[in-house]
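Thank you all for coming.

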Amino acid sequence: MQTYKTEFRQRLPLYLPSLYLPREMKASLKGRYTNDKSTAVVTLAVGAGDVKLLASMSDVTVVKGPRLNNLTLTVEKLAFFIFDYDVPKKDFRFQFMNSIKVVEKPLKLTYNHRHGENRTVMDGSLVLDSANKVSANYMFGTRNFKLKYSYVHGGVTTYEPCYDLGKNAWDFSVSRRLYDDVFKATYESWSRDFALEWSRNSKFNGTFKISATINMVGESKIPKVFAESTWDLEM
């Protein structure tokens, strides 16, 4: 009897921790501002192994009472799949990711389908080396096909020309990284829009992005301002 008690007390600490496995919980608050409106989105994420469960709610959901407006539920497995369910619209979106080798180079593929809009998009990016990358985007059933080349010079400056087959037009962008900050300029030849953007991704101060877009041929020279900021909190 004494031997049984000794063995039981020694084994008990080995099994109890497995009954209370910790779950990783994070909350994020994202605020967006444009010329005519501002919104806020709260996201709660719970990690269960390599799968994340997320719930996203806009400010409309909480300001006017506990309703299901703008509530989205998500199941995500990093680098494999994402499944979104829009509760009020009863609509869903799923995305699958995969990576294969082409001539010993990594080719990343992303398949994205929106059920309600009946829209399917395929993205692919081929990394040639640390400085050169080619990517493509195609929407099934349309002429919407984009081909982009990315070149990183000196590890800090990125040049990206992009050809849009559907519009038969070129887009150009150049960006430069300075510590946690990235400054980017973009020009779209089809719409004649010129944009300047400043973004920051910091582990201590959160992330934000500010951009101003102006149409080079339009009568109004007032830029369209967009600002977005995100704060993350581990629980």
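This is a predicted model: local features need pLDDT of at least 70, side-chain atom pairs count only at pLDDT 80 or more; totals for chains, interfaces and linings use all residues.

Residues are numbered from 1 along each chain as its sequence is written, and side-chain values use heavy atoms, with hydrogens and water left out.

Now to the rings, where Phe, Tyr and Trp (its six-membered ring) pair if their centres lie within 6.5 Å, and where planes under 30 degrees apart count as stacked, over 60 as edge-to-face and the rest as tilted. By this rule there are 11 aromatic pairs. One of them joins Tyr138 and Phe140 edge-to-face, at 5.2 Å centre to centre and with 65° between the planes; Tyr138 is partly exposed at 29%, and Phe140 is partly exposed at 42%. Trp170 and Phe172, by contrast, have ring centres 6.2 Å apart and planes at 15°, so that pair is stacked. One aromatic cluster, moreover, is formed by Phe83, Phe92, Phe94, Phe96 and Tyr111.

Let me turn to the serines. Which strand holds Ser58? Ser58 belongs to strand E3, residues 51-58, strands being DSSP runs (E, at least two residues) numbered from the N terminus. At 12% relative accessibility Ser58 counts as buried, and its C-alpha atom is separated by 4.2 Å from that of Val41, 17 residues apart along the chain. If contact is taken as heavy atoms within 4.5 Å, Ser58 touches Ala40, Val41 and Asn70, leaving aside residues up to four places away in sequence. With Asn70, the side chain of Ser58 makes a polar contact of 3.0 Å, that is, a pair of N or O atoms within 3.5 Å, where within protein one must be able to donate a hydrogen and the other to accept it, and residues adjacent in sequence count only if both atoms are side-chain atoms.

Ser150, in strand E10 (residues 145-153), is buried at 8% relative accessibility, and a polar contact of 3.4 Å links its side chain to that of Glu160.

Definitions and conventions. Helices (H or I, at least four residues) and strands (E, at least two) are DSSP runs, numbered from the N terminus. Buried means under 20% relative accessible area, exposed over 50%, partly exposed in between (1.4 Å probe, protein chains only).
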